[in-house]
Amino acid sequence: MVSRLPSSNGLVGPGREQALGGGVARAVEQQVKPQTERRAHGSGGARGRREWRAAPWTRGSGGTVSCDVGAAALRAAGTRMRRRHCNGGRGAKTHSGEREERRERGEREEEERQGYFYPENMSRSSLMTGARAPRSWSDIPLDLAGLVLRRLPAHVDRVRFAAVCPQWRVAVREIPLPPPLPLLALPDGTVYSLPCSEPLRFPACAGYADACGNWLAFSEEGGCFLRNPLSNATVALPGMFCVQAPRRGAGEQPIGETGVTWTEMVDTPEKLTMYKLLFCSPRLIATFVRFQKTAWVAVCRPGSSWWSVHLDHPFPLFVDVVFHQGKLYVLDHLKDVLFSIDICVDYTTGNPWISRVQQAIRSVPPLRFFHTAGEIVITKVLYLVESPGALLMVHRKMHGRLMNQADTRTAVPTGVNEFEVFKADFERSQWTKVTTIGDDQVLFLRRRCSRFVSVSQNEMPGDCIVFFENDNEDHDWYDEENSYTWYVYDMKNGNVSTCPPMCSWKPVPVPATWLFPEA
Amino acid sequence: MAAPESGDGNNGAARMVTLISSDNTRFEVEAAAASLSQTLQLTILDGGGGGGDGIPLPNVDSATLSKVLEYCIKHAPAAANGGAPNATAVDRAELERFDNEFVNIDQSVLYSLIMAAHNLEIEGLQSLVAKKVADMIKGKSPMEIRRTLGFPDPTPEEQAEMNAHMLEYGWAYE
């Protein structure tokens, strides 16, 4: 059972880097921008509510101090104050009259030091009873802004909220929020910000050739680079024909006193194609490359000029690769095995290399599935999905209608889809079927960049898999006559439904993809 | 409606309290309704607000207080049942209908309401207005949001800042 599957962000945070092997843990510097600490969803409101003062930006504005009317009422009524909830705010203490008086005196001095505005003719007591709050939406206290923001699950709505005025910009920056729902991006630069329905222009993602989480790959002459369209960060990749392998004798590790000995591959392929880029960490990118009629796992350091491949172990029928707890995992159809791949770092050059490939889980029964019944063809598509707590394998049975009886490869999806989810049990070396992915979790599925996102019930239903009707550019299921869209599969009842935004697109050489903005 | 009344507070079992708005209008309501406000609840538990005393609320004018109390009176029975786990579907639907209609008002009234709810710590009312405001914001450009919520027209500098912010996040300005 998977009780909770926190969203995995495709990139590797500092915590996960430490899971790399010992050597790597030292060599891989932590250059990840430290993520701001996120408080538990929903706690922010309670935390902020007890503040006596209004939001910082209300200081001095409107000529008065924003004053808590409840406190004023309590004092005016001559009652002793009892605050039940101690959330760390200044009003949280239980205090006797004397202590309160002392506190108030100190507080006023503090406020005066901080530039609070006290009108000359206004005594402390008249402040307690006669203060007026500023009168504009731009000045609402932070915690109220948070209440509104938490009801804006669409990324674009939060960005627009922040654009309205400087005070709201501060609110978006300061308030801990759950991550927004992803963007659905098309290679022509059109984006839908879930759950909003209108198509938006997002120039930064136009023309991508592949996607890996938030990193889109763009081809240019002589190579390709990655760009995160949400932050505009870019990462250069080694040239397409720059491949080297660690040199080793039989059974030896290629590492000595002076680090790894590298061999540049002289018979570099005429055509080297990349499949599934993985941005594992700021120091590690992995991919499948296809040359010499088979596929290999290649790794590199961003900015390095070489791909490093492991020539002992080809993956002729690779299905998917994922980075999980410091290792790469590759699913291959040849023997229906999940392999684990250890990666080390060459101290002298800083380049990563594959030190070991091991069989982790053997699948029984075999994973392959291709079945035809009349004009209907059923294909099984497999996805490996990483979450910090577990490694999952998603089986998708996709029904298609044959265009031509003689050609079983060319079909059009009928919309019928069935899903099964399995969790890797490394101790027993087996896949365990799970019936739920968590009531507050949605799996956004796409070949090469799937991710979990936690949702609250009023944004979209949890325990669901969101998938593209057709996300497979290798297959011939693209038909220019058709438009494709996305669907939601409910793990509870197996129903497939549509969900806003309703949108469809003509087939393009590169499938639509998800982008996952941070909170 | 919670209009100022002169009925005696000891009629039946319900205890009454008096609230005094900033413009000195007195509102007499059941303690149970006023207790939806966490700050008022503490005073009421201490025996405040009864008799001729009244609780002054210097930051809430009578129009806003009247609206706030309309909400409290409607929600008090459900709140007394501990968030209404036993409420029937009909009751819940009725409350929802009431809520939807209740916030179907001008933005300036919504503003007064949410500020009053914030000061009085009425959690349900804060959430209700926040949800309404979020619904008014959804799908709108920054300029449309400003118009919807009665912001003044932006200065050229403010306009430039709005554009710059959208561009910074990769969005073409709308």
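Me: Where does UniProt place the feature "domain: F-box" in chain A?
Reply: The UniProt record puts that feature at residues 137-174 of chain A, in an unreviewed entry. Keep in mind that the model here is predicted.

Me: How much of residues 137-174 is helix, and how much is strand?
Reply: The span is 71% helix and 0% strand. The C-alpha atoms at its ends lie 17 Å apart.

Me: And how do helices H8 and H9 of chain A cross?
Reply: H8(A) covers residues 155-164, and H9(A) covers residues 166-174. Their axes come within 5 Å and cross at roughly 135°. That angle makes H8(A) oblique to H9(A).

Me: Which residues of H8(A) and H9(A) meet?
Reply: H8(A) brings Arg158(A), Phe161(A), Ala162(A) and Val164(A). H9(A) brings Trp168(A), Arg169(A) and Val172(A). By class, this contact has five nonpolar residues, two charged ones and no polar ones.

Me: Switching to confidence. What is the average pLDDT of chain A?
Reply: The average for chain A is 69. At least 70 is reached by 62% of the residues.

Me: Where in chain A does pLDDT stay under 50?
Reply: Over residues 1-133 of chain A. The model still has 209 contacts beyond four places in sequence for that stretch. Where pLDDT is low, the predicted coordinates should not be read in detail.

Me: Which elements of chain A have the lowest and the highest mean pLDDT?
Reply: Helix H2(A), residues 22-27, has the lowest, at 31. Helix H7(A), residues 142-149, has the highest, at 94.

Me: OK, sheets now. What is the strand order in the sheet with S16(A)?
Reply: The order is S16-S17-S18-S19 in chain A. This is an open sheet of four strands with antiparallel pairing. Its edge strands are S16(A), residues 318-324, and S19(A), and each pairs on one side only. On average, neighbouring strands of this sheet are turned by 25° against each other, direction ignored.

Me: How many bridges join S16(A) to S17(A)?
Reply: Six. Val322(A) stands opposite Tyr329(A) in S17(A). On the S18(A) side, Tyr329(A) stands opposite Ser340(A).

Me: What about S17(A) and S18(A): how many bridges, and how many residues between them?
Reply: S17(A), residues 327-332, and S18(A), residues 337-345, pair over five bridges. They form a hairpin with four residues between them. In the turn, Asp336(A) has a positive phi of about 55°.

Me: And what do S18(A) and S19(A) form?
Reply: A hairpin, with six residues between the strands. Gly350(A) in that turn has a positive phi of about 80°. S19(A) is residues 352-362, and S18(A) pairs with S19(A) over nine bridges in the antiparallel sense. One pair of bridge partners is Val345(A) and Pro352(A).

Me: What is the order of the sheet that includes S30(A)?
Reply: S3-S2-S1-S30, all in chain A. It is open, has four strands and pairs antiparallel. S3(A), residues 200-201, and S30(A), residues 513-515, are the edge strands. Three bridges join S1(A), residues 183-185, to S30(A). Leu184(A) stands opposite Trp514(A) there.

Me: On to the other chain. How many residues of chain B are in contact with chain A?
Reply: 43 residues of chain B are in contact with 43 residues of chain A. On the chain B side, the largest share comes from H6(B), with seven residues. By class, that side of chain B has 24 nonpolar, 12 polar and seven charged residues.

Me: What does UniProt place at residues 124-163 of chain B?
Reply: The record places "domain: SKP1 component dimerisation" there, again from an unreviewed entry. The span is 72% helix and 0% strand, and its end C-alpha atoms lie 35 Å apart.

Me: Last one. How do H3(B) and H5(B) cross?
Reply: Their axes come within 10 Å and cross at roughly 70°. That makes H3(B), in this model, roughly perpendicular to H5(B). Thr64(B), Lys67(B) and Val68(B) of H3(B) make the contact with Ser112(B), Leu113(B), Ala116(B), Ala117(B) and Leu120(B) of H5(B). By class, the contact has five nonpolar, two polar and one charged residues.

Terms used:
Residues are numbered from 1 along each chain as its sequence is written. Chains are lettered from A and ligands numbered from 1 in the order in which they are written. This is a predicted model: local features need pLDDT of at least 70, side-chain atom pairs count only at pLDDT 80 or more; totals for chains, interfaces and linings use all residues. pLDDT is the predictor's confidence in each residue, from 0 to 100. Helices (H or I, at least four residues) and strands (E, at least two) are DSSP runs, numbered from the N terminus. Two residues are in contact if their C-beta atoms, placed from the backbone, lie within 7 Å. Ala, Val, Leu, Ile, Met, Phe, Trp, Tyr, Cys and Pro count as nonpolar, Asp, Glu, Lys and Arg as charged, and the others, Gly among them, as polar. Axes are lines fitted to C-alpha atoms, for helices over the stretch in contact, and angles run from 0 to 180 degrees between N-to-C directions. Angles under 35 degrees count as roughly parallel, over 145 as roughly antiparallel, 65 to 115 as roughly perpendicular and the rest as oblique. Two strands pair if DSSP finds at least two bridges between them. UniProt positions are given in the numbering used here, feature names are shortened, and annotations may be inferred rather than shown by experiment.
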